[in-house]
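Visitor: I'm new to reading structures. Could you walk me through this one?

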Amino acid sequence: MSSPRRIVGLALIALILACAVLAPWLAPYDPLRSSVAFLSPPSSANWLGTDELGRDVLSRVIYGARTSLVIGFGAALVALLIGAPVGLIAGYTGGRVDMVSVVLIDLFVSLPGLVLALVITVMVGPSLQNLVLVLGFVMWPSVARLIRGQVLPIREATFVEAARAVGGSPAWIIGQHIWPNTMRVVAAQFAVTVSFAIFTSSSLSFLGLGIPPPTPDWGGMVRAGYDFLAINPLLSLGPGAAVGVTVLGFYLVGSTVE
Amino acid sequence: MLTIIVRRLLLAIPTMIALTALLFFTLTALLGSPAAVMLGQDASPDAIQALNARYGFDRPLYIQYFDWIASAARGDFGRSHTTQQSVASTILPCVPVTLELAAIAILLAALAAVFTNTLPAGRAILGPVVLGANLIGITVPNFMLGISLIFVFSVALGWLPSTGWTPWSSGLVEHVKHMILPVVTLSAYYFGVFSIVYRAELRDVEKRLFIQAARAKGISRSRVAFRHALPNAILPVITFVGLSMGQLTGGAVVTETLFSMPGTGRLLVSSIGSHDFPVMLAIAMMIVVGVVLMNLLADIAYTVANPQIRID
């Protein structure tokens, strides 16, 4: 279904991807270079103005796309790598394995994700690699739950019964027959997971637990700009809008196949 | 019913013990001795040693943990490492602030989501607006929405205070003024979540025969929507209201921090920042209790709302 929602979503993702890939050509300045023009207002030279260290905000917003996309895709991948096997095995095996997994998944899902991420991040320390792992770890249960739900009806399908009848091992059946049939939903869930990862990681950096400076990072920029809201609101609202646009893009693409 | 409630509550106890144990051991393993944290980087080894002995941090970890659990069961959560106040007296004043914010925001979000999505009149006009608000709610992070609101209503228009919080005792008007922006900020997200859940259920309900029968009888569209469709589609919203309330017992972390509200969420952030274990552990435990209790309440409300369902 190629709905307008999906097209808008894909367009937004394309925009952010272009920013990330073409950052050196798109950004008017070096995102890390400070100047003496502290907190200068938006002008034709600095469209969004400069921050408290005299760095060009637009350039930092453009480069920030790299950080956000790496965290988003990385965390979604980690969530998939943990969640998919758990969901597939729990759903296909059933019985006690399934019961234990479901209890564990339900427990994790009902805990507030941001708080969980906050506590783990402070223990392992915020770095790009740690943030990817922590967010993936926080989000795997919802991936596992979704895949398990997909597996249950497929398990009962005739073609799976046939595969069992010809003597297929569980691993082979899961890999060859079950997994490919969950792909459509998994792909959609992947996009939603990316959007949640970017949402959560930007909240973490807003709370001061994001990528350490000076790497351009949207949540951190919003936090830093907040103090100067009355001087130049774009210091905060610029990177904040970038987060919103990115999260919206991935969400629109993922939520079309519900 | 009673046995189910008792069983659920009993299940909460091992969950709580497991989670706090996990937190206790990993925190200490990864962050090191609380004494070192309390005394700062320049502390001499002797001073750390003395403090360890005084507070019993030099005992085996599992004994410290059992000690903590035993005191916690009596309502004694120890003392904050940073302020030396008892943890209970640190957290308790924050609880009403968080509960008020969370309860108002969630109730408002649930009412708005159910009402706007049920309304049949002008669905063509209202529909896109509701959908737009819903998408903004779940994709624009709290801090971004909050800062935008602060910019418009405090900085530009000057109608409302930007941050801070005043207790009821210092005037109702001031209290409400400080609550408006945080409540709107927090409820936008939940409005989005509840709307999605409710609309999905509503779509299913509207396909059912009794709705068609009600329409065929000539009952007005809004009566069909509010009296026939709504009660049958509201159950998942109740579940999510319970789940969300449970998750917010630990505080609305971002909203409270942004608006400088003295709730548990901001306390959690500051205790994390200062590595204040006892406060962190107590709030973590509170969250688990809150999640379990609220889910239980939601399940009970579920059976009251729909007698066909009996949890077992």
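Visitor: How many residues does the contact take from chain A and from chain B?

Guide: Keep in mind that this is a predicted model, where local features need pLDDT of at least 70, side-chain atom pairs count only at pLDDT 80 or more, and totals for chains, interfaces and linings use all residues. Residues are numbered from 1 along each chain as its sequence is written, while chains are lettered from A and ligands numbered from 1 in the order in which they are written. Two residues are in contact if their C-beta atoms, placed from the backbone, lie within 7 Å. By that rule the contact takes 30 residues from chain A and 31 residues from chain B.

Visitor: Which helix gives the most to the side of chain A that touches chain B?

Guide: Helices here are DSSP runs of H or I with at least four residues, numbered from the N terminus. Among those that each supply at least two residues to that side are α4 (95-110) and α8 (170-206) of chain A. The one that gives the most, with 8 residues, is α10(A).

Visitor: Which residues of α1(A) are buried?

Guide: A residue is buried if 20 or more other C-beta atoms lie within 10 Å of its own, exposed if 12 or fewer, and partly exposed in between, with C-beta atoms placed from the backbone. On the other side of α1(A), P4(A), A11(A) and A14(A) are exposed. The buried ones are G9(A), L12(A), I13(A), I16(A) and C19(A).
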